[in-house]
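Keep the sequence and the 3D view open as you go.

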Amino acid sequence: MSILVDIQHVSKKYKDAPRAAVNDLSLIINKGDVFGLLGPNGAGKTTFISMLCGLFPPTKGDIYINGQTHKTHSKECKQVIGVVPQEIALYPKLTAWENLMFLGHMYGLSGSSLKEKIKENLRILGLEENTHQKVLSYSGGMKRRVNLIAGLLHNPQLLILDEPTVGVDVQSKQAIIEHLKKLNKENGMTVLYTSHHLDEAEDFCSHIAIIDDGKLITQGATKQLITDNHCQSIEEVYLKITGVKFRDK
Amino acid sequence: MKLLYSIYKEYKVLTRDKAGLAITFIMPTVLILIITLIQDTTFRSVNEASVPLLIVDRDHDSLSNTLEKSLIHSKFFVITKKQLTDEETKKEIATGHFFIGIIIPENTSKKLREKSSDRISKLLGSFSGDSTLVEDAHDTTKLNVQLYFDPITKKSFKTTISNSIERIISQIEMQSMMSSLNEKMKESFPLATPAKLETTPLVNLTEEYASYNNSTIIPNSVQHNVPAWTLFAMFFICIPLAGNIIKERDDGSAFRLLTMPGSYMIVILGKMLTYVVVSLIQFALMLCVGVFILPLLGLPELNIGNNLPVLFLVAFSSGLAATGFGLLVGTIATSHDQASLFGAVFVIILAAIGGIWVPTFVMPEVMKKIAVISPMNWGLEAFYGIFLRNFGLKEIFPEVAKLLAFFAASLGGSFLYQKYKRLK
């Protein structure tokens, strides 16, 4: 398997923060992986994803995407990535179609190929009939599905999903996960997924990394992690590693 | 293409925000209408003002009649005549029913004629060698015309009014003296048929407002309030623009846009251009209000000068400065509430010191010096130049340059602050 993302001893310390948000983190994501990044609140997941997306540079270490770094090849690195933020990053007063057309153009897409791509995704995720309704009138699940499509328009090699199924109904959750599995299987799309739904992560991810206090605690193939830790599920592994104390930060 | 689509998206978002649009366009219209109507009388020059004046005429003779005619002729006063006691007259003035009260005592005209006649007799007697007339003690008693002023009257205005009335009385005195002289001369030369003495002033005072490029427009409330409140509304755009930026940041849209290949500046540029166009539409609408609506309310019509390209340049520069400021507020503020509060308070302060509410020409010297730090003052001065002095590009260039520099500084400040936050 070839390497898509290579994280080498990456640290990030915000000015005035008492400790590093990410501390000497190294990991590899291979092409075609569905990689789960798990950790309690404040573990450093968002900081890590932000650096991976090129929003700000690490204080130390390097991030390679397809062998290139944001420092020297920002445009190429960003072209590889599709992001689905935890928030519904859409314009409520625009329709789904208008939102996706705008975001498609911002990815540099245009014309009939963009329109076809939008239509196809809306059809697959069951939003065909609501295409020209304002997002404002959508249910939480419908908004999540449009949010997902927005990250897929430019056929990214790496799709970064931050809590993609939070607060959605079972049917929408099922539709989102099934669509992602299909994209991974048929198109070889690599997925980096963060969630607090550990059963969903166990079902969906081929590999899992658990981070805490900015450090990588463990990583490996999902089934291997369960076996190595003598547990029945990822949830058990997670609690065994991160403890049962509240993480109210 | 990205820029065009970014503008299109902003256009769609804006046009679907009916409440926001209403505030953007209705607020300045209402402000212009209300403030112009309120300030109209204040802005009218003193010559056009109508000062309520009470005459208590106990004389009923030539002096009171001539004084009344002269006061009416000056178009300075709205005259009411009443028969009141001194105390009643004072009360009328003190309670604000009249601005000025004049009491002309009984027999003032008769006494004036007598005094004039005496003085002329003395003068002529000195020529004829009648020493008894000359050696008589000088008559130092004066006739008294009592003036009462409203206590709120400014000293400068009181002096102006007193001088005007004094000048009228002096003319009456002069006429009385001339009349006495005429009579005495007739007595001395009964067969002569003298020509009527011309009493028209020998020196004419030519007054004119100093103007530029043959423009003869004088300031009025419309010429101040239309550009002033349009600038205020343009700068108020900082609140929806900052809100738009903060909303994108809060809902993750900015995060998503920043992860896309290509510059996020295109998205910001699209926003700014859209808001500049909105500010230009605001400006055009407000000019229409000044030209077409205000005259229907009995206010003067806005004269927009002859230099439309320069007018557009000033409006465009002001729009850029306003959107640049909005961008800065949106970048620095951490929440919508903070942006609304900070933006509104700052715009109001800039408006107050910049001469939007109270024009700088009536401000104290210290405030006139402070006013020049406000971008709204730069815009207003440029509009004054075009509307009142027929200025061209050369004359308004310093103001335009300041507005553009403010825009560049705001843009640079936003960029540096954003960079600082990302690298923190």
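**Exercise 1.** Into which domains is chain B divided?

*Solution.* Keep in mind that this is a predicted model. Step one: domain 1 of chain B takes in 2–44 + 220–423. Step two: domain 2 covers 49–188. Step three: taken over C-alpha atoms, the centres of these two domains of chain B are 56 Å apart.

**Exercise 2.** How many residues of chain A are in contact with chain B, and what area is buried between the two chains?

*Solution.* Start with the contacts: 37 residues of chain A meet 28 residues of chain B. Next comes the area, which is about 3,000 Å². Carbon and sulfur atoms give 64% of that area. Now look at the chain A side: Leu55(A), Tyr91(A) and Met106(A) lose the most area to chain B, and together they account for 22% of what that side buries.

**Exercise 3.** Which elements give two or more residues to the side of chain A that touches chain B, and how do the residues of that side divide?

*Solution.* First, list the elements of chain A: helices H1 (45–52), H2 (70–80), H3 (96–106) and H5 (140–152), along with strand S5 (81–84). Second, find the top contributor: H3(A) gives the most, with six residues. Third, sort the residues of this side by type: 21 are nonpolar, eight polar and eight charged.

**Exercise 4.** How many salt bridges are there between chain A and chain B?

*Solution.* The count is three. For an example, find Lys93(A) and Asp17(B): they form a salt bridge, with their closest N and O atoms 3.6 Å apart.

Conventions. Residues are numbered from 1 along each chain as its sequence is written. Chains are lettered from A and ligands numbered from 1 in the order in which they are written. This is a predicted model: local features need pLDDT of at least 70, side-chain atom pairs count only at pLDDT 80 or more; totals for chains, interfaces and linings use all residues. Side-chain values use heavy atoms; hydrogens and water are left out. Domain bounds come from an automatic or database domain assignment. Contact means heavy atoms within 4.5 Å. Buried area is the accessible area (1.4 Å probe) that two parts lose on being put together, summed over both. A salt bridge is a side-chain nitrogen of Lys or Arg within 4 Å of a carboxyl oxygen of Asp or Glu. Helices (H or I, at least four residues) and strands (E, at least two) are DSSP runs, numbered from the N terminus. Ala, Val, Leu, Ile, Met, Phe, Trp, Tyr, Cys and Pro count as nonpolar, Asp, Glu, Lys and Arg as charged, and the others, Gly among them, as polar.
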